[in-house]
Amino acid sequence: MGQSNEKFYCECRSKKDKNKNGGQTKKLLMKSSEYLYNPRVCKGLAVSTREREEMELRGILPPAVRCRNLQVKAVIQNLDRFEENLSKYIYLRNLQDFDEELFYKVMMEHTEKLMPIVYTPTVGLACIKYSTIFHRPRGIFLTVHDGGRIHHILGNWPERNVKAIVVTDGERILGLGDLGANGMGIPVGKLALYTALAGIPPELTLPVTIDFGTNNQKLIEDPFYIGLRQKRVKGPEYNDLMDEFMEAVVQRYGRSCLIQFEDFGNHNAFRLLEKYKPNYCTFNDDIQGTASVAVAGILASLKITGLKLAQNIFLFQGAGEAALGTANLLVMAMEQDGVQSEEAMKKIWLIDSKGLIVKNRPTGGITEHKARFAKDYQNLTSLEEIVKSIKPTVLIGASAQRGVFTENVLQTMANNHKQPVIFALSNPTDKAECTASDAYIHTEGRCVFASGSPFEPVTINEKTHYPGQGNNAYIFPGVAFAIMACGVHYVSDEVFLVSAKALADQVRKEHLAEGRVYPPLKKIHDVSFNIAIKLTQYFYAEDFATRRPEPHDKIAFLRSKQYNYARPLSIKLGRHPY
Ligand SMILES: O=C([O-])CC(=O)C(=O)O
Ligand SMILES: [Mg+2]
């Protein structure tokens with residue numbers, strides 16, 4: 001991709017220069033038709049008549065010239081004809097592989113419509129089917145057999161100036177479990193949002209899947225499976241390869257290359273975050289990004305319920321990455337409000353697969369991360385009983401157990417409080433702890449509801465409730481953009497509280513009146529940009545930014561780093577302002 005681009009660019013320039021100096025034309029080294037197979041520069045029918053002459057594309061394209069806006073219309077018409085969302089996903093991925101600029105124009109102009117296709121929930125289905133629908137490769141596939149060669153293999157990626165990586169090992173893809181190498185759909189989807197939502201130039205980003213095998217026997221037996229047909233590797237082999245990967249990234253792309261961890265299993269996610277956070281530019285989206293969006297929703301909900309943060313009782317169904325990440329960030333938020341950490345922890349209760357997390361639980365299973373929140377309390381296992389007993393004001397689902405917020409649980413929440421807060425955060429939609437309509441119907445329309453995957457608005461007694469989408473997509477694009485723009489090397493936990501507050505501050509009165517605790521999705525570009533502004537201020541104030549001198553006008557600084565369609569070829573081909 002990149003190398004042939006460069007050749008093409010140089011030759012075009014020299015052709016133009018020759019034209020200026022004496023009118024001779026020089027033969028292009030790159031065959032004109034190759035242009036059409038380079039998604040970074042290809043514009044399809046939007047190539048003008050003059051460009052067609054210059055680039056020797058006459059006859060290769062049909063005579064019509066289409067403007068970009070008309071191309072967008074054609075894409076939308078094509079999409080609307082597909083009945084299945086997976087077909088829409090495949091069509092959009094093909095567009096991304098053919099004409100990247102058009103893909104992002106469509107994504108940016110139709111974000112609300114297309115996010116459920118390119119991202120959750122459809123991306124979950126796409127990952128399940130990834131091997132069968134696999135077409136053109138995107139991203140780097142590393143395997144456990146690549147030990148000692150990771151640095152070399154990263155060099156096979158055609159772009160040299162990578163500034164952000166999203167990496168998965170495929171062990172816990174959304175709430176779907178171990179999907180092995182099929183998990184690549186997640187880094188690809190997340191990075192599409194880096195550009196579509198925050199304007200991060202796509203050539204700076206690299207999706208990576210590290211294939212350690214899979215414990216999903218169905219995949220191992222699937223003749224189409226694209227990954228290694230072996231059980232997952234654990235222990236030193238796993239750890240050594242992860243270490244080698246982290247180091248190879250720094251060697252290739254420098255200390256400020258961001259590495260976003262996505263959809264690792266719990267047992268690896270926490271320990272890898274702790275291990276790498278001090279020395280690499282990294283964060284875990286499922287722990288920290290989800291925590292940030294959940295805390296933002298909770299902060300916004302206070303404007304509806306009228307409670308202070310520390311007046312709430314929080315109950316988490318689930319004690320994995322999202323739940324513990326959110327619980328820890330809530331403690332930090334309460335501490336910043338002047339509450340002692342011991343007091344703050346008392347407000348937070350968790351339930352794991354063995355029941356309520358209480359001290360000396362006979363069934364055990366309380367890891368060090370959960371132990372912080374273990375209570376001196378009776379050993380309860382039924383969610384309904386627990387809700388009756390501890391009367392949470394905020395109930396958060398992060399356990400990927402479809403429907404676990406039953407009618408009785410929801411009614412109990414409504415009996416306990418006038419405006420209970422209920423978040424069903426698990427993804428994709430069919431892993432949600434309850435649907436939006438269940439939540440509103442069983443609480444007589446009184447609850448404040450949000451979910452990880454989108455739900456349609458629900459009308460009860462002539463009042464329409466708009467469920468918020470409490471998805472980390474509100475957080476990670478803005479966070480990544482600010483980190484990249486400021487050349488940050490270390491991502492502190494506080495980044496996610498600054499972001500949560502910046503997000504909550506953007507929920508306006510009219511949104512709250514509709515029951516929303518997040519700004520509408522159609523505003524998500526502005527939201528991401530505003531988060532990036534707040535973080536840029538934070539990074540300079542706290543001395544985390546390495547890019548000097550400090551820009552006086554931070555808005556102009558960030559704008560200058562964003563992707564735009566009309567950028568010259570030299571920038572498309574890698575000479576960007578980073
Ligand atoms: O991808 C999403 O929609 C949110 C997320 O990180 C997850 O569920 O793992
Ligand atoms: Mg994730």
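This is a predicted model: local features need pLDDT of at least 70, side-chain atom pairs count only at pLDDT 80 or more; totals for chains, interfaces and linings use all residues.

Visitor: Okay. Which residues surround ligand 1?

Guide: The shell is made of Thr 120, Leu 174, Asp 263, Asp 285, Asp 286, Asn 427, Gly 452, Asn 471 and Asn 472. Sorted by class, that's five polar, three charged and one nonpolar.

Visitor: And where does ligand 1 lie relative to the domains?

Guide: Between domain 2 (111–280) and domain 3 (285–547), because both of them give residues to its shell.

Visitor: What about the peptide bond between Thr 120 and Pro 121, cis or trans?

Guide: That one is cis, with omega at about 10°. Pro 121 belongs to the loop between helix H6 (111–118) and helix H7 (122–128), and Thr 120 is one of the residues around ligand 1.

Visitor: How about Asn 427 to Pro 428, cis or trans?

Guide: Cis again, with omega near -10°. Here the proline, Pro 428, is in the loop between strand E10 (421–424) and helix H20 (436–442). Asn 427 is also part of the ligand 1 shell.

Visitor: Switching topics: what does UniProt place at residues 96–277?

Guide: An unreviewed UniProt entry has "domain: Malic enzyme N-terminal" there. In the model, that stretch is 47% helix and 11% strand, and its end C-alpha atoms are 32 Å apart.

Visitor: And which annotation covers 287–540?

Guide: That's "domain: Malic enzyme NAD-binding", from UniProt and also marked as an unreviewed entry. Over those residues the chain is 45% helix and 12% strand, with the end C-alpha atoms 25 Å apart.

Visitor: Let's do helix packing. At what angle do H15 and H22 pack?

Guide: H15 (residues 321–336) and H22 (residues 494–504) pack at about 75°, with axes 10 Å apart. That makes them roughly perpendicular, since 65 to 115 degrees counts as such.

Visitor: Which residues meet there?

Guide: From H15 you have Leu 329, Met 332 and Ala 333, and they meet Phe 496, Leu 497 and Ala 500 from H22. By class, this contact has six nonpolar residues, with no polar and no charged ones.

Visitor: And how do H4 and H5 pack?

Guide: H4 (residues 85–98) and H5 (residues 100–109) pack at about 135°, with their axes 5 Å apart, so the two are oblique to each other. Leu 92, Leu 95 and Gln 96 in H4 meet Glu 100, Leu 102 and Phe 103 in H5. That contact has four nonpolar residues, one polar and one charged.

Key
Residues are numbered from 1 along each chain as its sequence is written. Chains are lettered from A and ligands numbered from 1 in the order in which they are written. A residue is near a molecule or strand if its C-beta atom, placed from the backbone, lies within 6 Å of it. Ala, Val, Leu, Ile, Met, Phe, Trp, Tyr, Cys and Pro count as nonpolar, Asp, Glu, Lys and Arg as charged, and the others, Gly among them, as polar. Domain bounds come from an automatic or database domain assignment. Axes are lines fitted to C-alpha atoms, for helices over the stretch in contact, and angles run from 0 to 180 degrees between N-to-C directions. Helices (H or I, at least four residues) and strands (E, at least two) are DSSP runs, numbered from the N terminus. Angles under 35 degrees count as roughly parallel, over 145 as roughly antiparallel, 65 to 115 as roughly perpendicular and the rest as oblique. Two residues are in contact if their C-beta atoms, placed from the backbone, lie within 7 Å. UniProt positions are given in the numbering used here, feature names are shortened, and annotations may be inferred rather than shown by experiment.
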